[in-house]
Amino acid sequence: MAKNILICDDAAFMRMMIKDILTKNGYNVAGEAENGVKAVERYGELNPDLVLMDITMPEMDGIQALKKIKEADPSALVIMCSAMGQQAMVIESIQAGAKDFIVKPFQADRVLEAVKKVVG
């Protein structure tokens, strides 16, 4: 069965890029969210196998959304996405429960490697 993945990024083209990489490799994109508030809502609605979460988003950043998702579902699997030079945020997100992180700009093989590592 294809794994259901929720993509959270404020940039529509980034969501599209990730969705393209995942769907071409047999994963199902269950939904998308453009900010942290929507990410938390969509997680509750969809109960995905995995969340790919951007760190820098409006309304609620990815780290806050990660913490809220983990509060609601301690077993949630989340991979954080960040731009270069956000090491402190990456460390904070791992401490908050993220399983891995991917650095932008995305490379398809790195995205797939992280997803496979976390959900198989």
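**Reading exposed and buried faces**

Author: Phenylalanine 13 is exposed, with a relative accessible area of 52%, where exposed means over 50%, buried under 20% and partly exposed in between (1.4 Å probe, protein chains only). This is a predicted model, in which local features need pLDDT of at least 70, side-chain atom pairs count only at pLDDT 80 or more, and totals for chains, interfaces and linings use all residues. Residues are numbered from 1 along each chain as its sequence is written, and side-chain values use heavy atoms, with hydrogens and water left out.

Reader: Which residues in helix 5 are buried?

Author: In general, an α-helix has 3.6 residues a turn, so residues three or four places apart point the same way. In helix 5, which spans residues 108–119 (helices are DSSP runs of H or I with at least four residues, strands runs of E with at least two, numbered from the N terminus), the buried residues are Val111, Leu112, Ala114, Val115, Val118 and Val119. They lie on the same side of helix 5, because they cover an arc of only 160 degrees around the axis, taken from the directions from the helix axis to the C-beta atoms.

Reader: What covers the buried residues of helix 5, and which exposed residues does the face turned away carry?

Author: The cover, judged by contact (heavy atoms within 4.5 Å), includes helix 1, strand 1 (4–8), strand 3 (50–54), strand 4 (78–82) and strand 5 (100–103). The face turned away from the buried side carries Asp109 and Lys117, both exposed.

Definitions and conventions
The expected span of a helix is 1.5 Å times one less than its number of residues.
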